[in-house]
Amino acid sequence: MLYNEPSPLEIKVLTRRFGLPNSAHIDTYLATDGYKALRKALEMTPKDIIEEVKVSNLRGRGGAGFPVGMKWSFVPRDSPKPKYIVVNADESEPGTCKDRLLMEFDPHQLIEGMLIGALAVDAHAGYIYIRGEYRYLIDILDKAIAEAYERGYLGRNILGTGFHFDAYTHTGAGAYECGEESALLESLEGKRGVPRIRPPFPAVVGAFQCPTILNNVESFCAVPPIIRDGGKAFADLGVPKAGGTKLTCLSGHINKPGVYELPLGFPVDKMIQEVGGGIRGGKKLKAFIPGGSSCPVLTAAECEGLTMDYDAMAARKTMLGSGGVVIMDQDTDMVKAALRIMRFYAHESCGWCIPCREGTAWLRKILQRFSDGLGVRGDINLIGELAKNMLGRTFCPLGDAAALPTISIVEKFRDEFEAYLTRQPPPSRAEEPLRVIA
Amino acid sequence: MTFSTELEAKFARLLASYPPGRQRSAMIPMLMFAQDELGCVSAELVNEVARRIGVTPVQVEEVLTYYSMLHRKPLGKAHVQVCTNISCLLTGGAELWEQACSRLGIGHKEVLPDGSISLEEVECIGACSWAPAIQVNYQFHHFVTPEKLDRLLASLRNENPHAV
Ligand SMILES: Cc1cc2nc3c(=O)[nH]c(=O)nc-3n(C[C@H](O)[C@H](O)[C@H](O)COP(=O)(O)O)c2cc1C
Ligand code: FES
């Protein structure tokens with residue numbers, strides 16, 4: 001059963017099988033063009049496969065938006081080392097719940113995407129790293145993998161071509177940082193999820209110190225349609241520098257929250273009003289997170305004329321991110337929102353580098369104190385400065401992910417922080433000396 | 001240590017899933033699946049997993065302490081995880097968390113004396129569009145209302161709803 005009603009405004013490419021009876025089963029997949037792209041790719045040269053992905057203008061769907069075809073072209077195909085495919089199914093960016101559906105309703109599309117990636121870089125094994133909380137998806141994927149072996153789409157001598165590829169699921173155990181690609185690779189090796197220094201990038205030194213293509217679930221799922229219908233058809237769905245559709249997760253104060261597949265470049269206003277059915281209770285928009293809690297927050301005014309695409313978001317100094325759109329209405333307390341977001345990053349900081357470990361911890365304490373009504377005027381600037389001092393100075397981008405939304409909230413909603421200063425502290429706390437709360 | 005035949009089969013499959021010499025990769029999945037069967041990661045389990053993948057017990061402990069889903073003490077039979085991250089916060093998740101704590105009289109990572117239920121305030125569980133969301137063990141509950149939560153807690157305690 002689907003989790004939400006589809007919208008007539010969707011363009012269903014990756015989600016076209018959602019809602020079909022038994023959509024996860026290989027027979028359903030095969031009856032709806034499944035593994036056709038693999039057959040086609042088996043006749044193509046690796047260079048042509050990568051070229052087709054480049055033509056599609058597919059950009060990474062995990063958050064950073066790096067062009068997928070280009071990433072694949074960095075893999076040294078002639079390296080004597082084995083090459084690996086790694087799927088990032090850690091999905092833990094707050095606001096994001098789309099990869100879950102792609103795996104639940106169409107696991108074979110992901111497997112086919114991995115296979116095509118494997119042909120492109122000459123890989124013979126692939127791992128799907130799934131966050132621990134998504135245990136039911138491991139069962140679904142294991143079943144799909146077993147079906148694919150049985151029908152000759154995985155294993156030795158795939159479809160009689162001599163090509164061989166093995167696919168495995170791998171469970172995480174609760175750690176946001178393990179969604180960061182290099183920490184994920186450490187975790188895959190049975191270690192703490194601490195990031196690696198880059199370069200070298202995973203394309204050259206990745207899983208088990210070997211060349212690896214590591215992409216988000218949605219990125220891999222876009223590959224079969226691209227190969228099947230051609231990169232150009234996919235590119236044409238989107239905007240000039242970003243092709244195709246994006247699974248967009250609407251959440252927060254919206255009438256019809258849900259996951260919708262929308263073409264890149266879809267107007268934000270139309271998305272909120274027509275796809276999402278407007279703001280709950282007829283209220284007004286106050287703030288908008290375009291792609292997970294790591295993105296700078298936009299005000300309602302900044303959303304005017306805005307479209308859902310990488311460059312349009314960059315022009316407003318934010319990011320399309322993972323597609324986790326969070327809608328906040330006029331009554332949202334932005335101090336509380338900033339605090340909750342920082343509590344998350346402070347909890348999830350892996351502790352490896354000091355600017356992130358200390359920065360997130362202190363920001364959490366200051367925001368907690370502020371939100372408890374014990375803040376002082378200087379805190380407002382301090383929050384912004386502390387966050388800015390983290391930017392670009394942490395070992396991996398988790399530090400930026402914590403700093404960016406915080407800076408945007410404290411700068412754009414400064415009046416709300418000011419208003420907190422005029423509030424009386426709660427009676428039980430009024431006599432307390434000013435202190436940082438642990 | 002002896003495990004169920006299903007778990008042994010899973011272990012065997014895991015140990016064969018990684019390149020030669022990379023059996024350490026099986027550590028986290030082995031701990032997760034074993035924890036599901038045994039209730040927690042005991043010292044005995046640490047030693048056993050270490051032995052099977054060819055590392056020292058302290059190398060397992062080092063990893064174990066990093067991951068929030070691995071725990072050394074048993075949780076409740078039903079581990080109720082309430083998400084209060086941003087999408088859930090906006091739709092009542094924080095209130096659900098308060099409600100769960102006050103109904104059960106326990107707090108974050110605490111277990112009822114009879115071992116039936118434990119509570120945890122968790123970060124985003126990937127159900128944001130169907131918020132507020134709760135996970136009981138691995139089972140998702142979407143669009144949770146205060147009434148639904150009360151009914152859920154009651155059924156987990158095997159009592160009638162009025163007694164919660
Ligand atoms: C702290 C942090 C967490 C991340 N979490 C995820 C995640 O859960 N899923 C994901 O696909 N990418 C995540 N990423 C992005 C990955 O590092 C990487 O860019 C991505 O998986 C590459 O795939 P793509 O190019 O297909 O997007 C995260 C990055 C950071 C810095
Ligand atoms: S914020 Fe609660 S499930 Fe994502």
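How many salt bridges does the structure hold over all chains? In this predicted model, the number over all chains is 40. Side chains of opposite charge can pair when their charged atoms come close. Between chain B and chain A the count is 5 salt bridges.

One salt bridge is formed by B:Arg13 and A:Asp142, whose closest N and O atoms are 3.8 Å apart. Another joins the side chains of A:Glu189 and B:Arg22, with an N to O distance of 3.7 Å. This pair crosses between chains: A:Glu189 lies in the loop between helix 8 (181-188) and strand 4 (212-216) of chain A, and B:Arg22 lies in the loop between helix 1 and helix 2 of chain B.

The contact between the two chains was then described as a whole. It involves 44 residues of chain B and 61 residues of chain A. The size of an interface is often given as the accessible area lost when the parts come together. For chain B and chain A, the buried area is about 4,200 Å², and carbon and sulfur atoms give 58% of that area. Of the area that chain B buries against chain A, 17% is supplied by B:Tyr66, B:Leu90 and B:Trp130, which is more than any other three residues supply.

Chain B contains 7 helices and 4 strands. Read from the N terminus on, the order of its elements is α-α-α-α-β-α-α-β-β-β-α. The C-alpha trace of chain B spans about 55 × 35 × 25 Å along its principal axes.

Two packed helices are described by the angle between their axes and the distance between the axes. In chain B, helix 1 (residues 5-15) packs with helix 2 (residues 27-38) at an angle of about 175°, and the axes are 10 Å apart. Helix 1 and helix 2 of chain B are therefore roughly antiparallel to each other. On the side of helix 1 of chain B, the contact is made by B:Leu7, B:Lys10, B:Phe11, B:Leu14 and B:Leu15, which meet B:Pro29, B:Met30, B:Phe33, B:Ala34 and B:Glu37 in helix 2 of chain B. By class, the residues of this contact are 8 nonpolar, no polar and 2 charged.

In chain A, helix 13 (residues 334-348) and helix 14 (residues 354-374) pack at an angle of about 150°, with 9 Å between their axes. Helix 13 and helix 14 of chain A are therefore roughly antiparallel to each other, and their crossing is left-handed. Helix 13 of chain A contributes A:Val335, A:Lys336, A:Ala338, A:Leu339, A:Met342, A:Arg343, A:Tyr345 and A:Ala346 to the contact, while the residues from helix 14 of chain A include A:Thr360, A:Leu363, A:Leu367 and A:Phe370. The contact of helix 13 with helix 14 of chain A comprises 10 nonpolar, 3 polar and 3 charged residues.

A second pair in chain A consists of helix 15 (residues 377-390) and helix 16 (residues 398-412), which pack at an angle of about 150° with their axes 8 Å apart. Helix 15 and helix 16 of chain A are therefore roughly antiparallel to each other. The crossing of helix 15 and helix 16 of chain A is left-handed. Residues of helix 15 in the contact include A:Ile380, A:Ile383 and A:Ala387, and among those they meet in helix 16 of chain A are A:Ala403, A:Ile407 and A:Val410. The contact of helix 15 with helix 16 of chain A has 8 nonpolar, 3 polar and 3 charged residues.

Backbone geometry was also examined. Most residues other than glycine have a negative phi, and most peptide bonds are trans. A cis peptide bond joins A:Arg198 and A:Pro199, with omega at about -5°. A cis peptide bond also joins A:Pro199 and A:Pro200, where omega is about 5°. A:Pro199 is located in the loop between helix 8 and strand 4 of chain A, and A:Pro200 is found in the loop between helix 8 and strand 4 of chain A as well. The loop between helix 8 and strand 4 of chain A also holds A:Glu189, the partner of B:Arg22. Elsewhere in chain A, the phi of A:Asn57 is near 60°, a positive value in a residue other than glycine. A:Asn57 is placed in the loop between helix 3 (46-55) and helix 4 (68-73) of chain A.

How values were computed. Residues are numbered from 1 along each chain as its sequence is written. Chains are lettered from A and ligands numbered from 1 in the order in which they are written. This is a predicted model: local features need pLDDT of at least 70, side-chain atom pairs count only at pLDDT 80 or more; totals for chains, interfaces and linings use all residues. Side-chain values use heavy atoms; hydrogens and water are left out. Axes are lines fitted to C-alpha atoms, for helices over the stretch in contact, and angles run from 0 to 180 degrees between N-to-C directions. Helices (H or I, at least four residues) and strands (E, at least two) are DSSP runs, numbered from the N terminus. Angles under 35 degrees count as roughly parallel, over 145 as roughly antiparallel, 65 to 115 as roughly perpendicular and the rest as oblique. A crossing is left-handed if the near helix is turned anticlockwise from the far one by less than a right angle, and right-handed if clockwise. Contact means heavy atoms within 4.5 Å. Ala, Val, Leu, Ile, Met, Phe, Trp, Tyr, Cys and Pro count as nonpolar, Asp, Glu, Lys and Arg as charged, and the others, Gly among them, as polar. Buried area is the accessible area (1.4 Å probe) that two parts lose on being put together, summed over both. A salt bridge is a side-chain nitrogen of Lys or Arg within 4 Å of a carboxyl oxygen of Asp or Glu.
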